[in-house]
Amino acid sequence: MASPLFAKWACTHWAARAARPLYGPQKARHDDHILAVYEKAGFVGAEADQAAATVFVFVLGSAAGASATIALTRRLNRGGGDAEEQLRDTMARAREIALTYPRLRSRLEEASAAEYNAAPDDSFTFGLEAILDGFEKRLAAQRTAAGSGDR
C-alpha cells in the first residue's frame with residue numbers, strides 16, 4: 001500500500017488543481033502511477049479506480065474546509081469589513097448553540113477543545129489510516145476467499 005504521507009501529498013497536490021478542469025500528460029502520468037500503486041497492493045480493474053477515488057475524495061474533502069475559510073476570509077475583507085472579527089463572532093454564536101447539546105458541550109468543555117467545529121489533532125491521519133486499513137482488510141479477505149476456493 002502507499003504510505004499515508006505519500007497518499008496525502010499526492011492527493012493534496014492534485015486536489016489543489018481540482019478546481020480547474022485540466023488534463024494533460026502530467027495528470028495522466030499521475031493517474032497512471034496512482035493506479036499502479038493500488039494494483040500493486042492487490043486491487044484489480046474497477047476496484048483500483050474505486051480505491052484511488054476514495055482516497056482522493058477523502059483528501060479533497062479534508063482540504064475543502066480550509067479552502068472555504070480562506071475564500072470566505074477574502075470575500076469578507078473585500079467588503080471593507082474585518083473578516084477575523086466576523087468569523088470570531090460567527091464561531092462564538094456557533095459555540096453558544098453547540099453548548100445546548102450534551103455531546104457537543106462535553107467536548108467543548110474539555111481543556112483540549114480549541115473551538116467549536118475544530119477537528120481534533122491528527123484527524124486527517126486517523127481518517128486516512130482508517131481508509132488504508134480498510135483497504136488492507138478487504139484485500140486480505142479477498143486473498144483468503146481466493147485461497148479457500150483453490151482447495
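Okay, one term before we start: when I say buried, I mean a residue with under 20% relative accessible area, and exposed means over 50%. And keep in mind that what you have up there is a predicted model.

Let's take helix α2 first, residues 25-41. Which of its residues are buried? They're His-30, Ile-34, Val-37, Tyr-38 and Ala-41. If you look down the axis of α2, those buried residues sit within an arc of 90°, so they line one face of the helix. As for length, α2 has 17 residues and reaches 24 Å from first C-alpha to last, close to the 24 Å you'd expect at 1.5 Å a residue.

On to α3, residues 46-78. That's 33 residues, which at 1.5 Å each should span 48 Å, and the end C-alpha atoms are 45 Å apart, so that agrees. There is a bend in α3, though, of about 30° at Ala-64. Its buried residues are Ala-48, Ala-51, Ala-52, Val-55 and Val-59. And just after α3 there's another glycine to look at, Gly-80, with a positive phi of about 85°.

Last stop, the surface. Ile-97, Tyr-101 and Leu-104 make a nonpolar patch there, with about 300 Å² of accessible area together. Leu-104 belongs to helix α5, residues 102-108. So is Leu-104 buried, exposed or partly exposed? Its relative accessibility is 32%, so it counts as partly exposed.

Definitions and conventions:
Residues are numbered from 1 along each chain as its sequence is written. This is a predicted model: local features need pLDDT of at least 70, side-chain atom pairs count only at pLDDT 80 or more; totals for chains, interfaces and linings use all residues. Side-chain values use heavy atoms; hydrogens and water are left out. Helices (H or I, at least four residues) and strands (E, at least two) are DSSP runs, numbered from the N terminus. The expected span of a helix is 1.5 Å times one less than its number of residues. The bend at a residue is the angle between axes fitted to the seven residues ending there and the seven starting there. Buried means under 20% relative accessible area, exposed over 50%, partly exposed in between (1.4 Å probe, protein chains only). The arc is that of the directions from the helix axis to the C-beta atoms. Patches are made of residues with over 30% relative accessible area and no salt bridge: like charges are joined within 9 Å, nonpolar side chains (Val, Leu, Ile, Met, Phe, Trp, Tyr) within 5 Å. Accessible areas come from the Shrake-Rupley method with a 1.4 Å probe; for residues, only the protein chains shown count as cover. A salt bridge is a side-chain nitrogen of Lys or Arg within 4 Å of a carboxyl oxygen of Asp or Glu.
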